[in-house]
Amino acid sequence: VQLQASGGGKVQTGGSLRLSCAVSGTVYSPNALGWYHQAPGKQRQLVASITSSGDTNYGDSVKGRFTISRDNAKNTIYLQMNSLEPEDTGVYYCNYRNTETVQPGTVFYWGQGTQVTVSS
């Protein structure tokens, strides 16, 4: 499985960006796709995930501001980011896992990341 993220950039506080992640290779269902954020000097953290069933999960800091969606026909996921804050700055990685929930045997795949910079 390969993942190609795009859509990062520089915006001012309050601005919006839309990230995309194209998934290629052999993808099985059930699965889950998601976005993770790694701020400078910090650990990678979940931003949002969406299962093949359509269930979504968001990190507390982005609830109400970010929306994850997926287009199964295009094997692509999106992250609409609104009301961006300087704390959202960092690299955003898309992720695929071969199970809807994390469990023994779950395999993770990562994209290369896309940089988001929010200036105050």
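**Rings and their neighbours**

You'll find two aromatic pairs in this structure, which is a predicted model. For the opening stop, select tyrosine 36 and tryptophan 110: they make an edge-to-face pair, with 4.9 Å from centre to centre and 70 degrees between the planes. Now show the strands. Tyrosine 36 belongs to strand 4 (residues 32-38) and tryptophan 110 to strand 10 (residues 108-110), so this pair links distant parts of the chain, 74 residues apart.

Is tyrosine 36 buried or exposed? Tyrosine 36 counts as buried, because its relative accessibility of 15% is under the 20% cut-off. Tryptophan 110, at 37% relative accessibility, counts as partly exposed.

Next, pick tyrosine 96 and tyrosine 109. Their ring centres are 5.7 Å apart and the planes meet at 45 degrees, so this pair is tilted. Here too, distant parts of the chain are linked: tyrosine 96 is in strand 9 (residues 90-97), tyrosine 109 is in strand 10, and 13 residues separate them.

**Charges over rings**

Arginine 44 lies over the face of tryptophan 110, 4.6 Å from the ring centre. That's the tryptophan already seen edge-to-face with tyrosine 36.

For the last stop, select arginine 18 and tyrosine 78. What sits over the ring of tyrosine 78? The charged end of arginine 18 does, 4.1 Å from the ring's centre.

Definitions and conventions: Residues numbered from 1 in each chain as written. Predicted model: local features only at pLDDT ≥ 70, side-chain atom pairs only at ≥ 80, totals over all residues. Heavy atoms only, no water. Phe/Tyr/Trp six-rings, centres within 6.5 Å; stacked < 30°, edge-to-face > 60°. Helix = DSSP H or I, 4+ residues; strand = E, 2+ residues; numbered from the N terminus. Buried < 20%, exposed > 50% of the residue type's maximum accessible area, 1.4 Å probe, protein only. Lys NZ or Arg CZ within 6 Å of the ring centre and 35° of its normal.
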